[in-house]
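These are my notebook entries on one structure. I wrote down what I looked up, entry by entry.

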Amino acid sequence: MKALIVEQPGEALAFHLKKLEDPAAAPGRLTIDVAYAGVGFVDVMLARGEFDHVQPPYVPGLEVAGYVREIGEGVKGFRVGEPVAAMTLSEIGGFATVVSVRPELTVRLAELDSTLDLAVAAASIVNLTTALIVMNDVIRLQTGGSLLVHAAAGGLGSFLGQVARRLGAGLVLGTVGSESKKSLASTIGYDELFVRSGFVEKTMKATGGQGVDAVLDPVGGTSVRRASLDVMKPFGQLVVLGNAGGEPDTLQSTQELWFKNLSVAGFQLGTYSDANPERAGQRANEALQMLAKGEVHADIFGIYPAHEANEALRLLETGSTRGKLLLKMDE
């Protein structure tokens, strides 16, 4: 097989395309011939070497779509050659032409209500599953509830807005990195998008001074994460979903949370799926079912051949994209 390997982390342009041995289908596992692999900001962070527990050399990639290649002993319910989408998550390894996956985290696309394109499935499975879990199981979104989403036009943010709207949110606000992205609001489920600088004043104005029930933050940094507490209603919840800004961790006073009746939570799909693979897989199936029914849509910014992976990561790192980027692995 061919795989994109990070041998020396430190910058986004770190991928080298190499030939490796095909993985075998171990007991309790599947192997997939990968057609498309989703690219997310976490892959930029992997290229930079920002995760101490991941030691080089390694193959990034958290989500793939393709065809079942081999079925390991004990795995039921799959057939060789059928189209599937799968999440590799904390195991990574998706930037390859063949990948070993857990059947619990693999969705049979032919079982959905309509034919779902492999590219769309690969672009959606991780972020849409994350959005669905965050809304249902983390903030427990109530009908008519209000929320603010940072990086609203990104791969995750574009689904957070749509899922919130689909589940009955009353007001969905978002921040973006540039004026040009504000026009995307209605297409990705938002009532209003505004540039991230000055978001406290803009959010309070949009809510009539009341604030929001929840803030979802994959950006991080004092100017975003710390200031997000200032736009929340009593009993509001700040949910930490990443640190795309790359700034140092933000310290939080628990005394302030006590006095203001606020809470801070975190969600990371990889560690969640390690502890709850069946539940994560069920949510992934529900997420792609929503997509197949047309209840939400995927915004794909671009599809790049594997040998142009470094260019895709460069664009993602500079913040000049919207929606999702994909690698076409089977060329």
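**Entry 1: a strand residue with positive phi**

I looked up F235 and found it in strand 12, residues 232-240. I noted that helices and strands here are DSSP runs numbered from the N terminus, with at least four residues of H or I for a helix and at least two of E for a strand. The model is predicted, so local features need pLDDT of at least 70 and side-chain atom pairs count only at pLDDT 80 or more, while totals for chains, interfaces and linings use all residues. Residues are numbered from 1 along each chain as its sequence is written, and side-chain values use heavy atoms, without hydrogens and water.

The phi of F235 is near 70°, which is positive in a residue other than glycine. Is F235 buried or exposed? It is exposed, because its relative accessible area is 70%. The cut-offs I used are under 20% relative accessible area for buried, over 50% for exposed and partly exposed in between, with a 1.4 Å probe and protein chains only.

**Entry 2: another positive phi**

R140 also is not a glycine, and its phi is positive at about 50°. I located R140 in the loop between helix 2 (118-138) and strand 8. With a relative accessible area of 55%, R140 is exposed.

I then traced an open sheet of 6 strands, paired in parallel in the order 10-9-8-11-12-13. Two strands pair if DSSP finds at least two bridges between them. Which strands stand at the edges? They are strand 10 (192-195) and strand 13 (263-266); each has a single partner strand, so one side of each has no neighbour in the sheet. On average, neighbouring strands of this sheet are turned by 20° against each other, direction ignored.

Inside the order, I checked strand 8 (residues 146-149) and strand 11 (residues 212-217), which run parallel and are joined by 3 bridges. L147 has A214 in strand 11 as its bridge partner.

Helix 4 (residues 199-206) lies across strands 8, 9, 10 and 11, and runs at about 160° to strand 10. Contact means heavy atoms within 4.5 Å. Axes are lines fitted to C-alpha atoms, for helices over the stretch in contact, and angles run from 0 to 180 degrees between N-to-C directions.

**Entry 3: strand 1**

I found strand 1 (residues 2-6) largely enclosed by the rest of the structure, because 4 of its 5 residues are buried. Strand 1 runs antiparallel to strand 2 (residues 15-19), and 5 bridges join them. V6 stands opposite F15 in strand 2.

**Entry 4: two packed helices**

Helix 1 (residues 41-48) packs against helix 9 (residues 309-317) at about 105°, with the axes 9 Å apart. This makes the two helices roughly perpendicular, a word used for 65 to 115 degrees, with under 35 roughly parallel, over 145 roughly antiparallel and the rest oblique. Helix 1 contributes F41, D43, V44 and R48 to the contact, and helix 9 contributes L313, L316 and E317.

**Entry 5: an aromatic pair and a cis bond**

Searching the whole structure gave 3 aromatic pairs. One of them is F267 with Y272, a tilted pair at 5.5 Å centre to centre and 55° between the planes. Rings of Phe, Tyr and Trp (its six-membered ring) pair if their centres lie within 6.5 Å; planes under 30 degrees apart are stacked, over 60 edge-to-face and the rest tilted. F267 counts as buried, at 11% relative accessibility.

Last, I noted a cis peptide bond between P56 and P57, with omega about 0°. P57 lies in the loop between helix 1 and strand 4 (63-71).
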